[in-house]
Amino acid sequence: MSSQDTDSATAERTDERPTAATNAETPTGEPVIDLRDVAFGYTATPVVEGVSLAVDPGEYIAVVGPNGSGKSTLMQLMLGLLEPDAGRARLFGERADRFDDGERLGYVAQHASAAKEMPITVREVVKMGRYPHVGFDRLSADDRTVAAALREDPVETVRRAANAVSGRLAAEDWAIVDDALATVGMSAFADRRITQLSGGQRQRAFIARALAGEADLLVLDEPTVGVDAESVEAFYDLLGELNAGGITVLLIEHDLGAVVEQADRVVCLNREVYFDGPTDEFVDSDALARAFGAGARSLAGVDR
Ligand SMILES: Nc1ncnc2c1ncn2[C@@H]1O[C@H](COP(=O)(O)OP(=O)(O)OP(=O)(O)O)[C@@H](O)[C@H]1O
């Protein structure tokens, strides 16, 4: 871990620098995600407390814990969507809540529910992965009227902006989109509406979007809830292959059996970290029973 992270005061000073190195590689040895002594509560009672956790490039890590144990909250703290009440969170070496290099991060939500009602095709979803690369997230000085237009007619304004960006995609961007579709086995579904896919296919489309964005880190929040058993297996095979290719995978998962089979490292959370280490040590530890109660070993498929 880098010496700049030794205390929050130092981190604060470091973060005052302009983010000129936005597109630079994470310096060797710097964790992709780095939480130090993080606490957070929606009310006065913390739901996450004393959590320190560093994820290195290339790891395949799963965060497990019973319902309400703070997994989704922890994920939001990691991604800078929530600010810790105490401690600090860094993402690719930046303060997580100021991190703005979206293309480095691919996020696959539970159920991909946001997409269910969107009348767009798989290719259009995957294409969105290229947007940060062609400037969708930057407004030019000529766009002073955009804020007013957004207030007047948000849907039409966003549609026009998206069309403008599509026009900026080069042949190379389209080739990357096609490659991403092929990698997740969705080329044949490219022109199908996202609403007409199975749960597993929809999750693949969202992974393809992250791949098209050339993400270094994939964060997945219970991605296989409601997905049939056969597709789940194929989905985890794909994740394993992507990780073998160098992408860091952080999986929040309720399915202990899948975690035990897939992840190299497990973090077991129940407000605090009960266990953090190699998966096989987790299986033999008492953290499993302490966090989940008796019977957890059979849930994990390791009752022996
Ligand atoms: N927006 C919110 N406002 C208030 N309390 C919340 C909010 N989100 C979560 N909580 C509470 O914080 C605690 C942790 O919730 P969180 O969603 O992080 O747990 P989880 O481990 O992801 O749960 P699950 O496995 O059921 O998805 C729970 O007690 C939950 O009720």
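Select β7, helix α9 (residues 229–244) and β8: together they make a right-handed β-α-β unit. Right-handed here has a viewing rule: with the strands pointing away from the viewer, the path from the first strand over the helix to the second runs clockwise. Helices (H or I, at least four residues) and strands (E, at least two) are DSSP runs, numbered from the N terminus.

Before moving on, note that this is a predicted model, where local features need pLDDT of at least 70, side-chain atom pairs count only at pLDDT 80 or more, and totals for chains, interfaces and linings use all residues. Residue numbers start from 1 along each chain as its sequence is written.

**Stop 1: the whole protein**

Zoom out. The protein has 13 helices and 10 strands. Buried residues make up 36% of its 304 residues. Buried means 20 or more other C-beta atoms within 10 Å of the residue's own; exposed means 12 or fewer; partly exposed lies in between, with C-beta atoms placed from the backbone. Among contacts with a separation of 6 or more, 68% join residues 24 or more positions apart. A contact needs C-beta atoms, placed from the backbone, within 7 Å.

**Stop 2: the six-strand sheet**

Show the strands β6-β7-β8-β3-β9-β10. In that order, they form an open sheet of 6 strands with mixed pairing. β6 (105–108) and β10 (272–278) are the edges; each has a single partner strand, so one side of each is left without a neighbour in the sheet. Neighbouring strands of this sheet are turned by 15° against each other on average, direction ignored. Two strands pair if DSSP finds at least two bridges between them.

β6 and strand β7 (residues 217–221) run parallel, joined by 4 bridges. Pick glycine 106: its bridge partner in β7 is leucine 218. Axes are lines fitted to C-alpha atoms, for helices over the stretch in contact, and angles run from 0 to 180 degrees between N-to-C directions.

β7 and β8 run parallel, with 5 bridges between them. Aspartate 221 has isoleucine 252 as its bridge partner in β8. On to strand β3 (residues 60–64), which pairs with β8 in the parallel sense over 4 bridges. There, isoleucine 61 is partnered by leucine 250 of β8.

Is strand β8 buried or exposed? In β8 (residues 248–252), 5 of the 5 residues are buried, so the strand is largely enclosed by the rest of the structure. Show the side chains: Thr248, Leu250 and Ile252 point one way, Val249 and Leu251 the other.

**Stop 3: two loops with positive phi**

Most residues other than glycine have a negative phi. Two loop residues here have a positive one. Select glutamate 222, in the loop between β7 and α9. Its phi is positive, about 40°. Glutamate 222 counts as partly exposed because it has 17 C-beta neighbours inside 10 Å.

Then take arginine 271, in the loop between β9 (265–270) and β10. Its phi is about 70°, also positive. Arginine 271 counts as buried, with 21 C-beta neighbours inside 10 Å.

**Stop 4: the four-strand sheet**

Switch to β2-β1-β4-β5. These 4 strands form an open sheet in that order, with antiparallel pairing. The edges are β2 (48–55) and β5 (94–95); each has a single partner strand, so one side of each is left without a neighbour in the sheet.

β1 and β4 pair over 5 antiparallel bridges. Aspartate 34 stands opposite arginine 90 in β4. Arginine 90 also has a bridge partner in β5, arginine 95. Strand β4 (residues 86–91) and β5 are joined by 2 bridges; leucine 91 pairs with glutamate 94. β4 and β5 form a hairpin with 2 residues between them, and phenylalanine 92 in the turn has a positive phi of about 50°.

Helix α2 (residues 71–78) lies across β1 (33–40), β2 and β4, at about 125° to β1.

**Stop 5: the ligand**

Which residues are around the ligand? Select Tyr42, Val47, Gly65, Asn67, Gly68, Ser69, Gly70, Lys71, Ser72, Thr73 and His254. By class, the shell has 2 nonpolar, 8 polar and 1 charged residues. Ala, Val, Leu, Ile, Met, Phe, Trp, Tyr, Cys and Pro count as nonpolar, Asp, Glu, Lys and Arg as charged, and the others, Gly among them, as polar.

Conventions. A residue is near a molecule or strand if its C-beta atom, placed from the backbone, lies within 6 Å of it. Two residues are in contact if their C-beta atoms, placed from the backbone, lie within 7 Å.
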